[in-house]
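Dear colleague,

Please find below the structure that I promised to pass on to you. Could you open it beside this message and follow along as I go through what was found?

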Amino acid sequence: MITNLLDVVTIPVDDPVAFTFFTGYMSMFAASVFFFIERGRVPDKWKTSLLVSGLITGIAAVHYYYMRDYYANTGSNPTALRYIDWTLTVPLMCVEFYLLTKPAGATKGLMWRLIIAAVWMLVFGYIGEAFNPEGGSTSHSVLYGVLSTLGYVYILYLAWFGEVKQLAEKTQNPTVIRGIRTLSWFILVGWAIYPIGYMCMPGGWLNLAFGWQPSAVDLFYNIADAINKIGFGLVVYGIAISDLEKVKAQAA
């Protein structure tokens, strides 16, 4: 029993993937605790947003707990576990846009369009990875990569040019406008890390062009998850705290 436990928690010193699985788990667990605790001190209108932030990192932490052990025991990519995580957390990240712009008139229609685009992106990404023929197929990788990217581009459009941006400006709240812009940068830059990992699988462009191995997939994904999920929550927290300080200043 003790031997099995030690086998699970041993981290090879030359394996950055295992290292990022463990640090990803602990960092997102800590972030979740932080968001849930801080939720009690922010103004009421931001409590739901901070609750969602805590759920995003909390769900991710649970999945990382299982993914780190899966990888430690098998040395292979926990593709199914990862996409289960993303299917729950990525739509919640999109819900944050709706919650932040709801005071300016954001509708549930906007929320559902964001969620559907996120699910579209994930479903085709999963087919591209999980059902890649043995040895890798470039045509398979490219086809489902392009289909997945359509959902990503739609979310990107809404955040940078479409309804989300327009509603943020309509709030006339500089903090919300800056927050939405920061979240949009996360989608543009932070989410762009995921296609890098996707293209490392057998038959992917980076795998063929530079010889990047499938083991790099998890390294890129782990880094991206920590940056994006914790970062999203910190932006929302920053908006809530800024509003709290404004309320305190007005009451003084």
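Thr101, leaving aside its neighbours within four places in sequence, is in contact with Ala106, Leu110, Val164, Leu167, Ala168 and Ile180, where contact means heavy atoms within 4.5 Å. Thr101 is found in helix H4, and helices here (H or I, at least four residues), like strands (E, at least two), are DSSP runs numbered from the N terminus. With a relative accessible area of 0%, Thr101 is buried; the word buried stands for under 20% relative accessible area, exposed for over 50%, and partly exposed for what lies in between, using a 1.4 Å probe and protein chains only. Thr101 and Ile177 are 76 residues apart in sequence, and their C-alpha atoms are 9.3 Å apart in space.

Before going further, please keep in mind that this is a predicted model, in which local features need pLDDT of at least 70 and side-chain atom pairs count only at pLDDT 80 or more, while totals for chains, interfaces and linings use all residues. Residues are numbered from 1 along each chain as its sequence is written, and side-chain values use heavy atoms, with hydrogens and water left out.

Another residue to look at is Ser49, which has its place in helix H3 and is buried, with a relative accessible area of 1%. Not counting residues up to four places away in sequence, Ser49 touches Glu96, Leu99, Leu100 and Val236. Ser49 and Glu129, by their C-alpha atoms, are 32 Å apart in space and 80 residues apart in sequence.

Next comes the packing of two helices. Helix H8 (residues 174-190) and helix H11 (residues 215-251) pack with their axes 9 Å apart and at an angle of about 175°, where axes are lines fitted to C-alpha atoms, for helices over the stretch in contact, and angles run from 0 to 180 degrees between N-to-C directions. That angle makes H8 roughly antiparallel to H11, since angles over 145 degrees count as roughly antiparallel, under 35 as roughly parallel, 65 to 115 as roughly perpendicular and the rest as oblique. Among the residues of H8 that meet H11 are Val176, Gly179, Leu183 and Phe186, and among those on the H11 side are Ala224, Gly231, Phe232 and Val235. By class, this contact of H8 with H11 has nine nonpolar, seven polar and no charged residues; Ala, Val, Leu, Ile, Met, Phe, Trp, Tyr, Cys and Pro count as nonpolar, Asp, Glu, Lys and Arg as charged, and the others, Gly among them, as polar.

Now to the charged residues. Side chains of opposite charge can pair when their charged atoms come close. The structure holds nine salt bridges, each being a side-chain nitrogen of Lys or Arg within 4 Å of a carboxyl oxygen of Asp or Glu. In one of them, the side chains of Arg41 and Glu38 meet at 2.7 Å, N to O; Arg41 is partly exposed, with a relative accessible area of 40%, whereas Glu38 counts as buried at 13%.

A salt bridge also joins Asp243 and Lys45, whose closest N and O atoms are 3.6 Å apart. Because Asp243 lies in helix H11 and Lys45 in helix H3 (residues 44-74), the pair ties together parts that are 198 residues apart in sequence. Asp243 is buried at 9% relative accessible area, while Lys45 counts as exposed at 52%.

Arg82 and Asp225 form a further salt bridge, with the closest N and O atoms 3.4 Å apart. Arg82 lies in helix H4 (residues 79-101) and Asp225 in helix H11, so this pair ties together parts that are 143 residues apart in sequence. Both residues, Arg82 and Asp225, are buried, and together with Asp85, Asp218 and Lys229 they are linked in a network of salt bridges.

Finally, what is the place of Gln172? Gln172 sits in the loop between helix H7 (163-170) and H8, and is exposed, with a relative accessible area of 69%. Its phi is near 55°, a positive value in a residue other than glycine.

With kind regards
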